[in-house]
Amino acid sequence: MAGDLAVRPLQPTIGAEISGVDLRYPLTDEVRDQIRATILKYKVVFFRDQELTREEHEAFARRFGPLYPHPSGPKAPLNDSAGRATSIHRIAAADFKDYERARATADADENWDAYHTDTSWRLVPTWGAVLRAVTLPDIGGDTIWVDAGLAYNALSDDVKERLAGRHVTHDFRDALNAVGYDYPIVSHPVVRVHRETGEKILWVNFTQHPSILGLDRSESRELLTLVLDQYRKPEHQVRFSWRPGSVAFWDNRATVHYAVRNYGDFPRVLERILIAEEPLYADL
C-alpha cells in the first residue's frame, strides 16, 4: 500500500530515503518498479518507521525476485510467527566475534578493512539485500555503503589500465566449511559492468581473501590498496544511522558496504534477506 512515494537523496550519487509507503502491505507493480528504479539510481535506499514481521519482510523482498537462503545462516532457520522456516539470515554482533578471532591470527596481508558485498563468493552473486533493524544500541552501529561506480571513476587512468581485464579471488570457504557447505574459490573481474545500468563498478570483497590473478603478491596488494583507498573516501560513501523500524535495501552489484562496530558488547541484531540474480549461465 502506498500514498505519495517520496524520494530524498542523501548524497549526490548514493543513498536515498523513501517515504510514503507502508512495507507491511503488498506493493503494487507501479510502486515496486519505482523502488527498483530508485535503487538502480542511488544504489541503496532506506525506509524509516517500518515495524515489519518476518512474514512481511519476506513478502516485501519477494516482490523483487526469488529469495536466496544463505548457507552460513543458523542451522536452525529463523521461523516466522507460524513456525515456518524463512530465508532470513541473522546478522548478529555475537557471531562477528568468531570472525574477529580468525582475523587476529591471520597473516598481516589479510587484515584489510572489511569493505565487502554479499555472496560475491558465488559464481552468480545475489543482486539485492533487504536488511531490517531488530535489536539496536542506543548509539553507534552505523553502516556505510560505497558507490563502487564512483570509486572506479576516481581512479587514475594508469590504475584503470592496470586493472583492466584483471580478476580477483572471492574465497569464503572458511565460513562455508564451518557449516558443512562446500563451494570453490571463484574470481570476478575487479572492474565489473553492471548488467542493468552498464556502469563500470570497482568490485572487491576485502573479507574474502582477495588476490588479483596473474600478479605477484606485492603488485596485487599494491593495486588492492588503491582500490581500498577509493572505498574509504567519504565523498564516495553514504553513512546510515539505524533506529527502530529502519530498513535498508541495496544493490549488491553496485556497492560495497562496511559495518561500523563501535558499540562495545551490545548484542546488536539485524535480519537480512538476499534476492537472487537472474541466471546468467544456462549450463551451471
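User: Why is Glu-196 called partly exposed?

Analyst: Glu-196 has 34% relative accessibility. Buried means under 20% relative accessible area, exposed over 50%, and partly exposed in between (1.4 Å probe, protein chains only). So 34% puts Glu-196 in the partly exposed class. This is a predicted model: local features need pLDDT of at least 70, side-chain atom pairs count only at pLDDT 80 or more, and totals for chains, interfaces and linings use all residues. Residues are numbered from 1 along each chain as its sequence is written, and side-chain values use heavy atoms, leaving out hydrogens and water.

User: What makes Arg-253 and Glu-196 a salt bridge?

Analyst: The N to O distance is 2.9 Å. A salt bridge needs a side-chain nitrogen of Lys or Arg within 4 Å of a carboxyl oxygen of Asp or Glu. The pair therefore qualifies.

User: Is Arg-253 buried or exposed?

Analyst: Buried, because its relative accessible area is 6%.

User: Why does the salt bridge of Glu-222 and Arg-162 tie together separate parts?

Analyst: Their side chains meet at 3.1 Å, N to O. Glu-222 lies in helix 7 (residues 217-232) and Arg-162 in helix 5 (residues 157-163), so the pair joins parts 60 residues apart in sequence. Helices here are DSSP runs (H or I, at least four residues), numbered from the N terminus.

User: How many salt bridges does a search of the whole structure find?

Analyst: The search finds 24.

How values were computed. Helix = DSSP H or I, 4+ residues; strand = E, 2+ residues; numbered from the N terminus.
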